[in-house]
Amino acid sequence: MLRSIEPFFEGLRARQRHFDGGRSLFHRGDTVKEMYFVLTGSVHLVRHQSDGSILILQRAGPGSILAEASLYSGIYHCDAVAFGAAETRAYAKAGFKKLLAKNAEFSDVWAGYLAQELQSARLRSEILSLKTVAGRLDAWIAWNSGGSPARGEWKLVANEIGVSPEALYREVAKRRQ
């Protein structure tokens, strides 16, 4: 288990922000000025596909940094949307980078956090490379320790594994027969 990165932020100025469900924190192409730490709720990093569907790239829950790679970019490469009500702290990107440069312990914890996020991204990529809805669903279930999503969240799973909700519902219905 990685150490929490939140204690390192105590010296940084922050803006606490509330977002209602469905509200955007930022959009693809916006200039990166802040790093968002999720306090409560969930914020999804999404990419809109050419067919109108969305792909969830990150589900940032409490204790997560949203779009952590944006620290090294001038603009955001996707959208961030609150899934239900969410509370965040927004830290200035410049202050965050200064903290990394000055604090070796934080740099080490940050590197561990990035490594964990990279492992998750690779697993999501592996799931998306599977050819069938059944294969993607099996991999998602294994990744989530055999659990099923909460009631009403199957559409989110469809977005996460890159299939239409209808295709996922058909697969789930087959398994219940």
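Visitor: What conventions apply here?

Guide: This is a predicted model, in which local features need pLDDT of at least 70 and side-chain atom pairs count only at pLDDT 80 or more, while totals for chains, interfaces and linings use all residues. Residues are numbered from 1 along each chain as its sequence is written, and side-chain values use heavy atoms, with hydrogens and water left out.

Visitor: Which elements does the protein chain contain, and in what order do they run?

Guide: Helices (H or I, at least four residues) and strands (E, at least two) are DSSP runs, numbered from the N terminus. The protein chain has five helices and six strands, in the order β-β-β-β-β-β-α-α-α-α-α from the N terminus on.

Visitor: How is a nonpolar core to be read?

Guide: In soluble globular proteins, nonpolar side chains tend to be buried together. A nonpolar core is a set of buried (under 20% relative accessible area, 1.4 Å probe, protein chains only) Ala, Val, Leu, Ile, Met, Phe, Trp, Tyr and Cys residues joined through side-chain atoms within 4.5 Å. Here the largest such core has 17 residues, and Leu25 and Tyr36 are among those with the most contacts inside it. At least two residues of this core come from each of β2 (24-26), β3 (34-48) and β6 (79-92). Another core, of 15 residues, lies apart from it and includes Phe8 and Tyr91.

Visitor: Which residues does Leucine 25 touch?

Guide: Contact means heavy atoms within 4.5 Å. Not counting residues up to four places away in sequence, Leucine 25 touches Phe19, Tyr36, Val43, Leu66, Ala80, Val81, Ala82 and Thr88.

Technical notes: Buried < 20%, exposed > 50% of the residue type's maximum accessible area, 1.4 Å probe, protein only.
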